[in-house]
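Try each task before you read its solution.

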Amino acid sequence: MLEGLRSPASPRAAASTSVAGSSGPAACPPPSPSAPRSPESPVPRRGGVRASVPQKLAETLSSQYGLIVFVAGLLLLLAWAVHAAGVGKSDLLCFLTALMLLQLLWMLWYVGRSSAHRRLFRLKDTHAGAGWLRGSITLFAVITIILGCLKIGYFIGFSECLSATEGVFPVMHAVHTLLQVYFLWGHAKDIIQSFKTLERFGVIHSVFTNLLLWANGVLNESKHQLNEHKERLITLGFGNITTVLDDHTPQCNCTPPTLCTAISHGIYYLYPFNIEYQILASTMLYVLWKNIGRKVDSHQHQKMQFKSDGVTVGAVLGLTALAATIAVVVVYLIHIGRSKTKSESALIMFYLYAITLLMLMGAAGLAGIRIYRIEEKSLDESKNPARKLDSDLLVGTASGSWLISWGSILAILCAEDHPRYTWYNLPYSILVMVEKYIQNLFIIESIHREPEKLSEDIRTLRVVTVCNGKPVASSCLKSGGVAGDVAPRGRDMPPAAKGNVCMREGCGKEEEKQEESSGGGSPSPVRLPRFLQGNAKRKVLRNIAAFLFLCNISLWIPPAFGCRPEYDNGLEEIVFGFEPWIIVVNLAMPFSIFYRMHAAASLFEVYCNI
């Protein structure tokens, strides 16, 4: 609120204000130094640092507990993947089931305690748990439950030679998914202020449980992709690479063979959605963990509004890219591995498609960054765990594809023989790094920019200040200046301000007439081109965000559904060795896939906030 619009802090200050007001028009003076502090100004507390020590200690202890659980689960996953003696799949599933059961007990306790105290006022983080994010996680959760049903059918078909844990695990996972989605819908925005130490351990346990379930899904899906990859390499002429399959199919026959084959194939096609669900759930729970005991200000986050007008160009281009992606993936999967000629043509087709799309995305990102640089608007640097996590995930997960791209570039430069398709791989690998670098800059700057609270069409506002019941000042505030901080809705104002502030439109016309008559008029510090003036700038940025959103979904589809040239071109395996390169790809590819989905989610938020 403006300093001149604040109500007097004391009767003495009010009396002095009324005297000043009778002498002539003047703004309300600020409160005297002897007056008590306003509620808006923070009061320094003695021992404030000591008060935060238990909170920091509990945060450190809970994070270490979560890391210990996560490392233990990763070791079990690794032991099962390398066929360690004495460690079977049933041991891994028992460990994951126990973690899910413990999380279920904690969530039931938290939901029960919250419903028992539902009449109490609870602080909320308006930035966390957005509606579109909860809708996305619900969609992925439904597909995850379908995946669990297929696993139960698979267990029934091979029940003669499978352990009981492989039947219990999908049932527990389905129950865990249902309750977790209900929990996130109702409590993702909570700022927990009671039982903080216990809640920290419960939330961080949930975070790393979902991360381990994510790692388990990634491992199962990677094993399936690796088996298909080994079968394809022989068609490209790489006969010196071993093709021994790492097969984990049961050693018994399924009662309906055709049904079991369909179920086993369907399971691996649904794994990408399950992987996205687990990582989204872990990120939402991590924000909840960071918000425990957090001090929040009274500023409320502006609600996002989805507007589809004026984005025809971006939507058409994005949908065209999406349709082209589906066609490329279908042709790629049909031709790859059939013969050497068809495999090479499929690789060249994919590289040409990806190079074109990445160049368009890079150009769109540079245009958006350029518009922001011309505008020179201030950035919002306030603390926000959800926004900070978004930025960290964008940069962190992009490093996965950067690792693969650098490996491909080195392999091309160091290889002795260069098949024709490898020269298309070189610009593709360079553009992957450049495009993600540009896109990260555009997204991070977009989510840190101050939202425009007033419409571009509203030029000015008249603000009348009343002190002690009498109007004493009248001034015109331009919407580009301080007027943007004045909320036009009375319900968002404090009671003192409601009676003392009157706002009305119409001052702008008088101001414009005076400026035209005088011929003065101060120039605006922002000098955008004419075609970006007013609402046109928003339309251009929305078209860029819509185009990038659809393109990121397009680039998520190929690696998620088996179109992975990093596996299939075979050149990297010759240079680095089969096992080292496969390890690099299996570690980096899940982060690259998640980057595209997370970037699409961030761009959707950017689109709604423009």
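A residue is buried when its relative accessible area is under 20%, and exposed when that value is over 50%. Keep in mind that this model is predicted.

**Exercise 1.** Decide whether Gln-103 is buried or exposed, and find the partner of its side chain.

*Solution.* 
Step 1. Locate the residue: Gln-103 sits in helix α3, which covers residues 89-116.
Step 2. Apply the cut-off. Gln-103 has 0% relative accessibility, so it counts as buried.
Step 3. Look for a partner. The side chain of Gln-103 makes a polar contact of 3.5 Å with the side chain of Ser-206.

**Exercise 2.** Describe the second largest pocket: its volume, its lining and the classes of its residues.

*Solution.* 
Step 1. Take the volume, which is about 1,300 Å³.
Step 2. Count the lining: 36 residues. Nearest the centre lie Leu-74, Val-218, Leu-219, Asn-586 and Leu-587.
Step 3. Sort the lining by class. It holds 24 nonpolar, seven polar and five charged residues.
Step 4. Assign helices. At least two lining residues each come from α2 (48-81), α6 (196-233), α7 (257-290), α10 (385-414) and α17 (578-609). The biggest share is that of α6, with ten residues.

**Exercise 3.** Compare the span of α10 with the expected value, then find where α10 kinks.

*Solution.* 
Step 1. Note the length: α10 has 30 residues.
Step 2. Compare spans. From first C-alpha to last, α10 reaches 44 Å, close to the 44 Å expected at 1.5 Å a residue.
Step 3. Find the kink. α10 bends by about 25°, centred on Gly-400.

Conventions:
Residues numbered from 1 in each chain as written. Predicted model: local features only at pLDDT ≥ 70, side-chain atom pairs only at ≥ 80, totals over all residues. Heavy atoms only, no water. 1 Å grid on protein atoms, 1.4 Å probe; cavity = no way out; pocket = protein on both sides within 12 Å on 5 of 7 lines; lining within 4 Å. Points joined across faces, edges and corners; volume = space filled by probe spheres on them. Helix = DSSP H or I, 4+ residues; strand = E, 2+ residues; numbered from the N terminus. Nonpolar A, V, L, I, M, F, W, Y, C, P; charged D, E, K, R; others polar. Expected span 1.5 Å × (residues − 1). Bend = angle between axes of the 7 residues up to and from the residue. Buried < 20%, exposed > 50% of the residue type's maximum accessible area, 1.4 Å probe, protein only. Polar contact = N/O pair within 3.5 Å; in protein donor to acceptor, adjacent residues only side chain to side chain.
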